[in-house]
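Hi there,

Here is the structure I promised to pass on. Have a look at it, and then read my notes below.

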Amino acid sequence: MKFSITSVLSATSAVILLALSAVPASALPAAPAAIQTIEKRAGEISGLNNYSCKPAKGQRPVVLVHATLLTLSSWSDVAPVLIKRGYCVFALTYGVNKAVPGGMGGLNSIESSAQELADFANNVLNKTNSTQVDIVGHSQGGILARYWIKYLGGEGKVYRHVGVSPINHGTTLSNIVTIAKAFGIFYDSQALFDKFAPSFYQMVNTSDFIKKLNAGGDFAPGVIHSNIATKYDEVVTPYETCWQNGAGITNLLLQDLCVLSLNEHLTMVNSNVVIQFILNQLDPVSAKTANCLSIVKGF
Ligand SMILES: *[C@@H]1O[C@H](CO)[C@@H](O)[C@H](O)[C@H]1NC(C)=O
Ligand SMILES: *[C@@H]1O[C@H](CO)[C@@H](O)[C@H](O)[C@H]1NC(C)=O
Ligand SMILES: *[C@@H]1O[C@H](CO)[C@@H](O)[C@H](O)[C@H]1NC(C)=O
Ligand SMILES: *[C@@H]1O[C@H](CO)[C@@H](O)[C@H](O)[C@H]1NC(C)=O
């Protein structure tokens, strides 16, 4: 059998590749910076996945679910803020295909990744003696819990669900191919994507997966949903497809909170405005306005 995977690279070497202009930077203007910003700080996030942590009264364990091609270290800005606020914070890296170098997550079939989240969250519930978690999910990570709830027994186990540029309605094939290229993963046929990274074609807005995800409604009844999108999203277009169509759902555009925020799809998790939004959703009682001041003020 003859096939060539021209460049299957780790995120780090993809950055080098981009720096050498082997891939035109114009293919994805913000991604090289994004990759560096998000994954360079890989390593321990102090206090994350502490199974001795006991949620304070009125709080639930918070489970963070990363985006396609990223790992749990993409939460290195968000998680410490939540931990400092006293939350018990948990995160997994899901969807790693050992045949693809680099350890990037979110590659495997979305159903199997949703099962990984289910197993992880069930264990968190058990170990923390809790009945419900709150979920914060980025991109593909923003739909796994919905699949868990709808098809894998997660009903009643999620209280709040915060989507950061979630792919609630999928995206376009060309956007997906663009981002795959920027990370150095580019297969020249759907068959190869399906072999090494089946999630990619499942994220296309017309896929069977997206149809099944949204059959009967694009939200989970009983869950408090909120979403934040960015107008500079190069992966999920149009950005309004991040939003959900149910009563009482909060759907916000980052630039309506702070017009100066230039964050694109991946760097959403590095934005202080987004972090303030997440804090506000998790605890509306102590909410502080998320706006441009959040950038300088910090937490
Ligand atoms: C884990 O949680 C326990 C209980 O709250 C705490 O005593 C301990 O310091 C935490 N460990 C880390 C590494 O944060
Ligand atoms: C677990 O939660 C239940 C119900 O809230 C409580 O009765 C029980 O004492 C808790 N167990 C532990 C080990 O905290
Ligand atoms: C956690 O799982 C163990 C093993 O299945 C079970 O014995 C225990 O009751 C569970 N604890 C909670 C709080 O669900
Ligand atoms: C999928 O995306 C394309 C490009 O934005 C759009 O033209 C099409 O209507 C979308 N289809 C569905 C089912 O959302």
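**Two crossing helices**

In this predicted model, the axes of helix 4 (residues 110-127) and helix 5 (residues 144-151) come within 8 Å and cross at roughly 85°. Axes here are lines fitted to C-alpha atoms, for helices over the stretch in contact, with angles from 0 to 180 degrees between N-to-C directions. That makes helix 4 roughly perpendicular to helix 5 (the term covers 65 to 115 degrees). Ile110, Glu111, Ser113, Ala114, Leu117 and Ala118 of helix 4 meet Leu144, Ala145, Tyr147 and Trp148 of helix 5; a contact needs C-beta atoms, placed from the backbone, within 7 Å.

**Around strand 1**

Helices (H or I, at least four residues) and strands (E, at least two) are DSSP runs, numbered from the N terminus. From strand 1 (residues 62-65), Val62 and Leu64 point one way and Val63 and Val65 the other, and all are buried (20 or more other C-beta atoms within 10 Å of the residue's own, placed from the backbone). Strand 1 pairs in the parallel sense with strand 2 (residues 89-92) over four bridges, where Leu64 has Ala91 as its bridge partner. Pairing takes at least two DSSP bridges between two strands. Four bridges also join strand 1 to strand 3 (residues 133-138), again parallel, and Val65 stands opposite Gly137 there.

**Reading the numbers**

Residues are numbered from 1 along each chain as its sequence is written, while chains are lettered from A and ligands numbered from 1 in the order written. As the model is predicted, local features need pLDDT of at least 70 and side-chain atom pairs count only at pLDDT 80 or more, whereas totals for chains, interfaces and linings use all residues.

Best wishes

Terms used: Buried ≥ 20, exposed ≤ 12 C-beta atoms within 10 Å, placed from the backbone. Parallel < 35°, antiparallel > 145°, perpendicular 65-115°, else oblique. Contact = placed C-beta atoms within 7 Å.
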